[in-house]
Amino acid sequence: MAAASISSDLLERLREALGPGGVLTTEDDLAPHALDWRRLFPGKPAAVLRPSSTREVAAAVALCRDAGVAIVPQGGHTGLAGGATPDGSGSQIVLALGRMNAIRAIDPVGLTLEAEAGCIVQNVQAAAEAANRLFPVSFAAEGSAMIGGMIATNAGGINVLRYGMTRNLVLGLEVVLADGTVVDGLRALRKDNAGYDWKQLFIGSEGTLGIVTAAVLRLAPRPLHTATAFLAVDDPEAALRVLRAAQDELGDTIQAFELISGTSLRLVARHAGLKSPIADAPWTILIEAGSSLSGLRDAVETMLGAVLERGDARDGVLAESQAQAGKLWALRERITESEALEGRSIKHDVSVPIPAIPTFLEAADRALAGGAPGAVANVFGHMGDGNIHYNVVVQPEQDGAAINRLVHEVVGRLGGSISAEHGIGQYRVDELVAHRRPEEIALAKRIKRAMDPNGLLNPGKVLRGGWLLRGNPAK
Ligand code: 2HG
Ligand code: ZN
């Protein structure tokens with residue numbers, strides 16, 4: 001079947017540039033690329049391109065630019081903000097990077113790894129591990145998510161507390177610009193202060209400024225020992241006290257500090273069949289510490305003893321083995337899929353200053369009880385980073401936009417962010433404008449105009465389109 005609204009001439013040229021397997025147009029071939037993981041943002045690709053090299057990406061981008069056709073870059077499309085699916089017009093081309101999946105180099109002494117955009121995150125972790133090093137970015141979708149998407153969304157995950165977001169772990173970047181120019185900044189340098197750090201513009205820009213084709217990633221030494229503890233607490237205030245104790249007593253060895261509500265654990269029990277080792281706790285905390293020095297386990301045990309004795313924690317278990325730690329982590333990692341099986345949910349990926357988390361949760365619960373009776377908040381997240389996933393499981397008739405406003409109003413009041421780690425995509429485009437200062441939006445538009453003057457890179461994501469082609473960035 002001929003692709004929808006792009007010319008056969010363009011298709012012909014793309015086939016010449018990418019080879020016959022590099023251009024998909026049948027409905028069956030397009031279908032897997034048309035829908036995001038949550039099935040919230042269905043689109044209609046005109047075609048799907050599958051380049052196998054940076055040179056092919058550049059050729060495809062240049063051809064689309066000449067034809068005035070928009071491109072939507074796509075990795076493992078596990079994103080939660082609809083950033084990687086096209087709109088429904090049938091006029092946008094998806095550029096799927098999965099064939100570019102080589103790990104080009106690994107340097108265990110320089111602590112760097114060079115990978116192409118289509119590498120699965122888990123494969124990069126495994127390659128680092130095989131060299132006895134750690135690639136620290138880790139999140140539930142790592143088995144399908146790709147390096148390009150991870151960079152384009154500046155992915156966070158469970159180890160941000162110790163290693164920072166993706167932004168902190170990219171040393172060098174190769175990108176294809178909107179006109180097809182390849183910019184090769186694949187430097188494996190840990191210090192590089194020569195001029196603008198332009199790669200940061202592309203990290204977290206969700207494919208709206210250029211297309212990431214490869215990166216040099218920062219590795220870390222692998223902690224020889226880890227200790228994983230699971231604790232029950234009465235409320236988020238108590239969780240905050242435990243965080244303080246962990247900071248005081250475990251110092252820089254803490255690599256994850258996750259807060260999990262009783263509601264989340266009930267969802268995981270119901271849909272994934274996994275049981276918490278601590279029954280009926282209103283809140284639980286999953287802490288992981290790592291170190292190459294001995295004595296880590298003793299330190300975690302001492303910290304647990306102290307918080308139990310003070311009554312900050314009610315109950316606690318310390319994993320006896322890697323297998324047990326894995327079981328504790330499964331309780332955390334399977335929340336998202338369990339929530340999806342429960343029904344429709346309105347997600348809020350918010351951050352507030354860490355000490356404000358209890359206030360946020362109390363105020364959001366109050367707003368929800370008043371404005372959306374019967375809705376249940378599935379609360380979990382990266383408490384050590386101030387990042388809470390306040391996901392509201394709603395009845396079909398409930399108004400998602402109104403719930404968004406209620407929760408985000410509280411976030412705004414507390415000086416927080418409406419997207420801590422998932423990005424804006426198409427999900428939060430309108431809300432971004434309401435939650436950033438006009439000068440910030442105007443600056444973002446100036447950058448977009450400079451990088452993508454024809455508005456052909458992932459249009460409608462992060463910033464709504466239209467203004468660019470009307471010619472007035474102030475609109
Ligand atoms: C996580 O922390 C992910 O597991 C997904 O960021 C969160 O499902 C969500 O809202
Ligand atoms: Zn998260």
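This is a predicted model: local features need pLDDT of at least 70, side-chain atom pairs count only at pLDDT 80 or more; totals for chains, interfaces and linings use all residues.

I started with the surroundings of ligand 1: L80, R332, T336, K347, F380, H382, H389, N391, E421 and H422. A residue gets on that list if one of its heavy atoms lies within 4 Å of the ligand.

Residues are numbered from 1 along each chain as its sequence is written, chains are lettered from A and ligands numbered from 1 in the order written, and side-chain values use heavy atoms, with hydrogens and water left out.

Next I sorted the shell by type. I got 2 nonpolar, 5 polar and 3 charged residues; Ala, Val, Leu, Ile, Met, Phe, Trp, Tyr, Cys and Pro count as nonpolar, Asp, Glu, Lys and Arg as charged, and the others, Gly among them, as polar.

Which strands each supply at least two residues of the shell? I found β18 (376–382) and β19 (387–393), strands being DSSP runs of E with at least two residues, numbered from the N terminus.

Then I looked up polar contacts (N or O pairs within 3.5 Å). R332 has a polar side-chain atom 2.7 Å from an oxygen atom of ligand 1, and for N391 the distance to a ligand oxygen is 2.9 Å.

Last, the cysteines. I counted 0 disulfides, meaning pairs of cysteine sulfur atoms within 2.5 Å. C64 counts as buried because its relative accessibility is 0%, the cut-off being under 20% with a 1.4 Å probe and protein chains only.

Conventions. A polar contact is a pair of N or O atoms within 3.5 Å; within protein, one must be able to donate a hydrogen and the other to accept it, and residues adjacent in sequence count only if both atoms are side-chain atoms. Helices (H or I, at least four residues) and strands (E, at least two) are DSSP runs, numbered from the N terminus. Buried means under 20% relative accessible area, exposed over 50%, partly exposed in between (1.4 Å probe, protein chains only).
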